[in-house]
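Here's a quick briefing to read alongside the model. Have a look at the fold, then go through the points below.

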Amino acid sequence: MKNVMGVIYTGENDARLRELTLIRAIAALPVAGRYRVIDFLVSSMVNSGMKNVGVITQKNYQSLMDHLGSGKAWDLSRKNEGLYFLPPRSSDDAKYQGRIGSLVDVVPFLNHSKEDYVILADCHMVNSMDYEALLDGVRR
């Protein structure tokens, strides 16, 4: 999967998770003490062969950055590819335009990448996904 990159939305505040997401993104919520929700997505992407992963953040992303670090745990600590944090252009929530607005903000990152395909993933679900099998269906 050399021609595929992953882009992860870290999650907006969810009314059902209000108390948990006041100080951190959904992606940074703890799972089993040691892990975070985003770990499952990053692991699935890396296990599917992706070497370039972007993390779109909205707000309260410091704990997420602290947890992911340079991406070394997933072998994403690289010079040319790897793990990239894509913070919002504005910290003003009134200017946040949702997922499409976030994607528009990262167009320069997408244009700079060499991959032909981009897989967009959201942190609302915890699962293990074989993205290579998903793309095989698209390429047919």
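How much accessible surface does the protein have, and what percentage of it belongs to carbon and sulfur atoms? It comes to about 8,400 Å², with 51% belonging to carbon and sulfur atoms (Shrake-Rupley method, 1.4 Å probe; for residues, only the protein chains shown count as cover). Keep in mind that this is a predicted model, where local features need pLDDT of at least 70 and side-chain atom pairs count only at 80 or more, while totals for chains, interfaces and linings use all residues. Residues are numbered from 1 along each chain, and side-chain values use heavy atoms, without hydrogens or water.

**Layout**
- You'll find 6 helices and 6 strands (DSSP runs: H or I of at least four residues, E of at least two, numbered from the N terminus).
- From the N terminus, the order is β-α-β-β-α-β-α-β-α-α-β-α.

**Inside**
- Of the 140 residues, 39% are buried (under 20% relative accessible area, with exposed over 50% and partly exposed in between; 1.4 Å probe, protein chains only).
- Leaving aside residues up to four places away in sequence, L68 touches I38, D39, V55, W74, L83 and F85 (contact: heavy atoms within 4.5 Å).

**Outside**
- I100 lies in helix α4, residues 98-105, and is exposed at 61% relative accessible area.
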